[in-house]
Amino acid sequence: MNKDWKKTRTIYWHDELHDDFDQILSKRPPLTPGYKFIRSKACNFFGNILYYGIALPVLAIISYLSGMKVKGRKNLKAIKKTGAFIYSNHVSVPDVYKMASPVCYGKRVNILGYTDSLSVPVLRTVVKQLGFLPLPLGPDLENKAALVEAMRYYIHKKHQIVVIYPEAHIWPYYTKIRNFKVQTMKYPAIINAPVLPVVTVWRKVWWSKKPKQTVKIGSVIMPNPELNQEDNINYLYEECLSQMRALSECEKQYEYIKYIKVEK
């Protein structure tokens, strides 16, 4: 993959599941045994002050000034009294905060991601308080099981949001929905939780050379009670991917970065 895409505005890719064009941190440390995914009372106390008192207002202002728009807010009514998984495409660094504001303003948001940020001492404390859920690496069965229970706790008991970017890697300004692994849908199938597709599209504006984001909120998808867990994983995958593509394709998008597929 080329490293000069910011100058050439062209990206050459060959593997949509693994190519990453905007890495911030490359070191991904393993989690310590018995990692505490559920925040303590003290962590929650200071985290709520940081989240509601500082982060949300600041992010709301940033989102407004950046020209971000949100469509489909009416679909959030379906999860007003419950928690849910949000599945979204990954097209910019701000993806990690825009779900908290302006998309789900007022509802606590937790984001599943790689352990990159845990390699920075101060940052790892802050991101945990803000709702970061690190993804266990390798055959870490203990922490993987604890992560599932934490998601169950936040969604079913606390009625919060867990955000997952199934494409895994950032493709800046990309205007399509990439294929992602079927197993990314295992979490809502395991804990029987609703899925809400959310898609970012890019629109041309007269006052900026770079396009601006429009975030489109889809309709809630519930696991099928007549299906077993494995079949539900496939069902949720097909329904979510189909809806995400429909949300993306029904908008005329501005192609700021040209993506060209090449052989390895």
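Visitor: Lys81 to start. Buried or exposed?
Guide: Exposed. In this predicted model, Lys81 has a relative accessible area of 73%.

Visitor: Where is Lys81 placed?
Guide: In the loop between β2 (69-71) and β3 (84-88).

Visitor: And which residues form the positive surface patch?
Guide: Lys74, Lys77, Lys80 and Lys81.

Visitor: New topic: salt bridges. How many does a search of the whole structure find?
Guide: Six. One of them pairs Asp116 with Arg28, at 3.0 Å from N to O.

Visitor: What does the pair tie together?
Guide: Parts that are 88 residues apart in sequence, because Asp116 lies in the loop between β4 (109-113) and α4 (121-130), while Arg28 lies in the loop between β1 (10-13) and α2 (41-65).

Visitor: How does Asp116 count, buried or exposed?
Guide: Buried, with 12% relative accessible area. Arg28 counts as partly exposed, at 30%.

Visitor: What about Lys98? Which residue does it form a salt bridge with?
Guide: Asp95, with the closest N and O atoms 2.6 Å apart. Both residues sit in helix α3, three residues apart, or about one turn of the helix.

Visitor: Is Lys98 buried or exposed?
Guide: Buried. Its relative accessible area is 0%. Asp95 is also at 0% and counts as buried.

Visitor: Why is helix α3 largely enclosed by the rest of the structure?
Guide: Because seven of its nine residues, in the run 95-103, are buried. Among them are Met99, Ala100 and Val103.

Visitor: What does Arg152 form a salt bridge with?
Guide: Glu149. The closest N and O atoms are 3.3 Å apart. Arg152 is partly exposed at 30% relative accessibility. Glu149 is partly exposed too, at 41%.

Visitor: Which residues are linked in a network of salt bridges?
Guide: Lys71, Lys216 and Glu251.

Visitor: Last one, Ile161. Where is it found?
Guide: In strand β6, residues 161-164. Ile161 is buried, at 0% relative accessible area.

Visitor: What does Ile161 touch, leaving out residues up to four places away in sequence?
Guide: Its contacts include Ile79, Ala84, Ile86, Cys104 and Val109.

Visitor: And how far apart in space are Ile161 and Phe85?
Guide: 5.8 Å, C-alpha to C-alpha. In sequence they are 76 residues apart.

Terms used. Residues numbered from 1 in each chain as written. Predicted model: local features only at pLDDT ≥ 70, side-chain atom pairs only at ≥ 80, totals over all residues. Heavy atoms only, no water. Patch = residues over 30% accessible without salt bridge, like charges linked within 9 Å, V, L, I, M, F, W, Y side chains within 5 Å. Areas by Shrake-Rupley, 256 points an atom, 1.4 Å probe, with all protein chains shown as cover. Salt bridge = Lys/Arg side-chain N within 4 Å of Asp/Glu carboxyl O. Lys, Arg positive; Asp, Glu negative; His and termini not counted. Charge placed at Lys NZ, Arg CZ, Asp CG, Glu CD. Helix = DSSP H or I, 4+ residues; strand = E, 2+ residues; numbered from the N terminus. Buried < 20%, exposed > 50% of the residue type's maximum accessible area, 1.4 Å probe, protein only. Contact = heavy atoms within 4.5 Å.
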